[in-house]
Structures are given as C-alpha cells and as structure tokens.
Amino acid sequence: MNHGTTAPALSVGMVGHAFMGAAHSHAWRTAPRFFDLPLRPVMSVVCGRDGARAADAAARLGWADSETDWRRLLERDDVDLVDICTPGDSHAEIAVAALEAGKHVLCEKPLANTVEEAERMSAAADKARAVGVRAMVGFAYRRVPAVTLARRLVEAGRIGEVRHVRAQYLQDWIADPEAPLSWRLEKDKAGSGALGDIGAHIIDLTQFITGERISSVSGHLRTFVDERPLALEHSGLSGTASTERGAVTVDDAAVFLATFTTGAVGVFEATRFATGRKNGIRIEINGARGSLAFDFEDMNVLEFYDAEEPAETAGFRRILVTEADHPYAAAWWPPGHGLGYEHAFTHQVVDLVTSLAQGEDPHPSFADGLQVQRVLAAVESSSDSRTWQEISA
Ligand code: SOE
C-alpha cells in the first residue's frame, strides 16, 4: 500500500544542527521521498543556542521553525519526537525530560557520557514504553545494507558458530597536532575520545552482526597530543585555530581485546590518528563455516567466504550489496549504482518510523546503548587498572 501524503503526521523537533544535525535532517527529508512510510515525518523545528544560526540552519536544512531552548520543544504540540544531535554532555538531560513529556526520542551515539547517565536514560525509556512512548539510540551504521546483510547471513547460520571478531574504526582527522580542539577532544563534553566517538560504533556493530554480547575486555588508551590550539570555529571535523591553546582530555587511540558471551574472542582498535584512513570501519568475522568482511571505505560490498565450498573454487567473494533483494536497496537505484554515508541515517528514520507505527520497540534501544556504555567504561577502567574487566549484564 502506498501511504503517500495520507499517512498520519509524525512531527519532529531536532536539537543541534552541526554535522550530525545535517545528516539527520537529510534523513528526515529523504526517507518519505524514497520509502513508503506508515507515518509522514514533518520537520517542525530545529533548536540551537544561537538564534541567528538556528534560524539559518532551519532554512538550510529544511525545518519550518527554530528555537533556542530545547525545553520549548517539549512544550510544543507540533513535536511528537525529539531528535538529539548534541554533544554527549546534554543527552541525558534532554532525553529524560523529553520522554517524561511524552515525546519519542532518537538520541545520537554514544548514548551518554557515563554509565550512570545511560542507566537513567534507559530507566526513563522503560517507564515511557509503558505509555507507548519509544526511544532509540542512533547507531546508524547498522543500517548500511552490507552490514544488515552480514547480520542476516550470521542469523541464517551461513558462517556457523562465531569464533573471531576483528574490528577497527580508523580515521585521521586529528593526526595533525595543530588541528584545533574540537568538543570531541574534551572529556566533559564527549565523555571519552576515540573510544566513545568511534569505538562505540564497532562495539555496537560487532554485537549487532554476531548477535552476541561482549562479556569482558582488556584495554589500553593512549593520548598522543596533550594540547592543541583552541578552535575559533569548528564545524564537522575541521575548524580554524586560535593562538590560545587548550588541553586534550580524552584518549586519542583505544585498543582492546574482548571475549563474547558465547566464547568468541575479539580484537578492537579505534583511532583518529590512522593517517590516510578517513572512515575505515573494518570488520571481519570468522565462523566455523565461513567468514564475513566489511570495510566502510568500500561500503557497498560485503565479502563472504563459504568454508564448505570445494577448495578448488573456494575463496572470498565480493557481494555487491545493491540488488533489489538486499536490505533497503529496492527503494534506491538500479543494481550497482551504490549508496553512501547518508543512506544509513535515512534507513534509520525508515526503521524508527515503522516501529513507531507498529507500536514496537525500535532497535537499538536505550538498553542496548547502556550496554555499549558499560563496555566503554570497562575498557577505560581496564586501561587504568591494567586488568581484565567483566561487563555486568
Ligand atoms: C567523528 O569521528 C565522527 O563524526 C563520529 O562522531 C560519527 O559517529 C561517525 O559517523 C563519523 O565520524
């Protein structure tokens, strides 16, 4: 059935309008144009502290109105869902208040800056669920078609029991020691560095693909550059440097070993100092019957090795994940034409809206976000104490 413009409205208010805000705005604009959604997203209002910039963001990104105080969003009748695209230090306060005000919530990753905040958010989500209000954390990479296909293949038993998980998230946007201090390098705003910013993604992705949970970790965190020029202005992943300097208070690189609940073992690496690697999310899973490999820098491809094929013809094959039978692909272009970074956010909106219409819990839930937060905290305390740390349930 084509719901078209007759579907009931879902009015959205978004807080924050920088890099993630732009990606989410694109998704809210695009999802109903390519997918037949059971609810019709209405981009009511965007919120930012500076009135002129918020108004400019509204005009640029397609929002009908702008506000300077997120609390106003919670009072507005034309906001059914609050989309949180701010740094981590405000996630808990906004999300808990929004859920208590009866608004659905989509919150950017990582869910919070601390386990305690994530626990409060997860408890608020549980309470809200009882009255039909839903919450979701934005680990958008789950919705890259090749990643969703990997999950399906594992679930269908195509690689058998998972034994090894190898995951890297490699960027290089702060490799230059004179790159200015972004909020992503300040502990009070971001919670942690490479660990929470991008390590959180590979924790979520590997747990999503394997359907397993990390049960213990042994980690090491390292800061290579302790001090940087303050940013006069920072947008996306770059900024203009001031002559004043400030302290970097987070890790620049995070590495850890992990065990999974079912006995698989994992090796993880997250850094924003891997010169030449721009957004290299590389995941390889080895199972008893085969293997899967994914690299975001070649994101339309999933590599699959079937260990049960005769040795003569066996080998990793590149599946171009653009066929109409592949996840999400039918809504887009003819086979082989490919998708990009922004499509994962669009698919996130599609899945969220569908869950809301069906009265189901969207995934990943705040409870999933809390579990990732526990893994992040365990890696930090393992690095501090130089011991293995268990992750509590
Ligand atoms: C910066 O490292 C960043 O913008 C992350 O914060 C995002 O989650 C990731 O999608 C791209 O890189």
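1. Please keep in mind that the model is predicted: local features need pLDDT of at least 70, side-chain atom pairs count only at pLDDT 80 or more, and totals for chains, interfaces and linings use all residues. Residues are numbered from 1 along each chain as its sequence is written.

2. Is A288 buried or exposed? A288 counts as exposed because it has 11 C-beta neighbours inside 10 Å. The cut-offs, with C-beta atoms placed from the backbone, are 20 or more others within 10 Å for buried, 12 or fewer for exposed, and partly exposed in between.

3. A288 also has partners from elsewhere in the sequence. Leaving out residues up to four places away in sequence, A288 touches G160, E161 and R163, a contact being two C-beta atoms, placed from the backbone, within 7 Å. V162 is 126 residues from A288 in sequence, yet their C-alpha atoms are 6.5 Å apart in space.

4. Now look at helix α6 (residues 145–155), which is mostly covered, with eight of its 11 residues buried. Among them are P145, V147, L149 and V154. The cover over the buried residues of α6 includes β7 (162–170), α8 (194–210), β14 and β15 (301–306).

5. After α6 comes G157, with a positive phi near 80°.

Methods. Helix = DSSP H or I, 4+ residues; strand = E, 2+ residues; numbered from the N terminus.
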